[in-house]
Amino acid sequence: MAKQHILGISAYYHDSAACLLTDGEIVAAAQEERFTRRKGDASFPRHAVDYCLAAAGIGVADLAWVAFYDKPLLKFERILETYLGVVPRGFGSFLLAGPLWIKDKLFIDRNLREALGYSGEILYAEHHESHAASAFFPSPFEESAILTMDGVGEWATASIGIGRGNDFEILDELHWPDSLGLLYSAFTYHTGFKVNSGEYKVMGLAPYGEPKYADLI
C-alpha cells in the first residue's frame, strides 16, 4: 500500500510552522522563523514546508491531505460579535483588523492552495482540538486526561478532554472573554514586553520578584 502523507500548517497569526506525518508518524516539523530569522514569523511557512517535504523525499502531489490548525470563519464570527458588542468604541480597532481579515484570513483555503500548488482536500480543526492533538497523540499514553489553555482560539480559551487510543473527546470549554492566557498577556504588555512574544520573559522573571502587588491585583 502507498504511504499516507499529511501536511499540517499553522500560519498567519504568530510562529508559523509546518509538520509532516507519514502513516501517522512525525517525519519532520519546523518553525518558519528558523529559516527566515524573523522572530515569531507569521507568514506562510514556505521554508518549513519545503524542509518537511524534502525530509520525506516527496512533493506536494504526494500529499493525501493538508490540515490547518484552526477554523478561520468561526474566529471571524467571534471577532465580529466582539466589535459589535462595544460599538462605537471598537471601531478604530476594527478598522485596523478588518481589512487584514477580509484580504487574507477569510480566504485561507485559497491562500493555502495557491501557496502550495495543491488541489486536494484541506482539513480544518478547531484551535483547541489542535492543541489537544499535539499533546496527546505524540505522548506515550493510550489513555489520558487533556488540558489546554491559551489566549483564545475561535471561541475557546481553555478546554478539558480525554484521549483514548487514536481519538480524543473535548468534554468542556472555557469561552471568550474569560481567559487565563489573555490575563497573562495583559501583564506581559503592562510590564513592557511584546504580547505573543515576551510571555516567556515574564515567566523567567517571576521567580525573582516579590508579591508586593498581589493585593492590588
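**Close-up views of a predicted model**

View 1. Aspartate 109 and arginine 113 sit four residues apart in helix 5 (residues 108-116), so about one helical turn separates them. The model is predicted. The two side chains meet in a salt bridge, with N to O at 2.7 Å. Aspartate 109 is partly exposed, at 30% relative accessible area. Arginine 113 also counts as partly exposed, with 26% relative accessibility.

View 2. Glutamate 143 pairs with arginine 164 in a salt bridge; their closest N and O atoms are 3.6 Å apart. Glutamate 143 belongs to strand 6 and arginine 164 to strand 7 (residues 156-164), so the pair ties together parts 21 residues apart in sequence. Glutamate 143 is exposed, with a relative accessible area of 51%. That value counts as exposed because the class begins over 50%. Arginine 164 is partly exposed, at 47%.

**View 3. Aspartate 41 and arginine 38.** These two residues form a salt bridge, and the closest N and O atoms lie 3.1 Å apart. A search of the whole structure finds five salt bridges.

**View 4. Serine 16 in its loop.** Serine 16 lies in the loop between strand 1 (5-10) and strand 2 (17-22). Serine 16 is buried, with a relative accessible area of 1%. Leaving out residues up to four places away in sequence, serine 16 touches Ser10, Ala11, Gln31, Glu32, Asp41, Ala42, Ser43 and Pro45. One of these, Asp41, is the salt-bridge partner of arginine 38.

**View 5. Glutamate 199, buried without a salt bridge.** Glutamate 199 is part of helix 8 (residues 199-205). The residue is buried but has no salt bridge. Lysine 39 carries the nearest side chain of opposite charge, 9.2 Å away. A salt bridge needs nitrogen and oxygen within 4 Å. The side chain of glutamate 199 does make a polar contact with the side chain of serine 185, at 2.9 Å. Beyond neighbours within four places in sequence, glutamate 199 is in contact with Tyr184, Ser185, Thr188 and Lys194.

**View 6. A nonpolar surface patch.** The patch covers about 1100 Å². Leu147, Met149, Ile160, Leu171, Leu180, Leu183, Phe187, Tyr213, Leu216 and Ile217 make it up. Strand 6 (143-149) and helix 7 (180-190) each supply at least two residues. Helix 7 gives the most, with three. Leucine 147 is in strand 6. This leucine is exposed, at 57% relative accessible area.

**View 7. The whole chain, for context.** The protein chain has eight helices and eight strands. Along the principal axes, its C-alpha atoms fill a box of roughly 65 × 40 × 35 Å. Of its 217 residues, 32% count as buried. The chain exposes about 13600 Å², and carbon and sulfur atoms supply 60% of that area. Among contacts with a separation of 6 or more, 51% join residues 24 or more positions apart.

Note on methods
Residues are numbered from 1 along each chain as its sequence is written. This is a predicted model: local features need pLDDT of at least 70, side-chain atom pairs count only at pLDDT 80 or more; totals for chains, interfaces and linings use all residues. Side-chain values use heavy atoms; hydrogens and water are left out. Buried means under 20% relative accessible area, exposed over 50%, partly exposed in between (1.4 Å probe, protein chains only). Lys and Arg count as positive and Asp and Glu as negative; His and the chain ends are not counted. A polar contact is a pair of N or O atoms within 3.5 Å; within protein, one must be able to donate a hydrogen and the other to accept it, and residues adjacent in sequence count only if both atoms are side-chain atoms. Contact means heavy atoms within 4.5 Å. Patches are made of residues with over 30% relative accessible area and no salt bridge: like charges are joined within 9 Å, nonpolar side chains (Val, Leu, Ile, Met, Phe, Trp, Tyr) within 5 Å. Accessible areas come from the Shrake-Rupley method with a 1.4 Å probe; for residues, only the protein chains shown count as cover.
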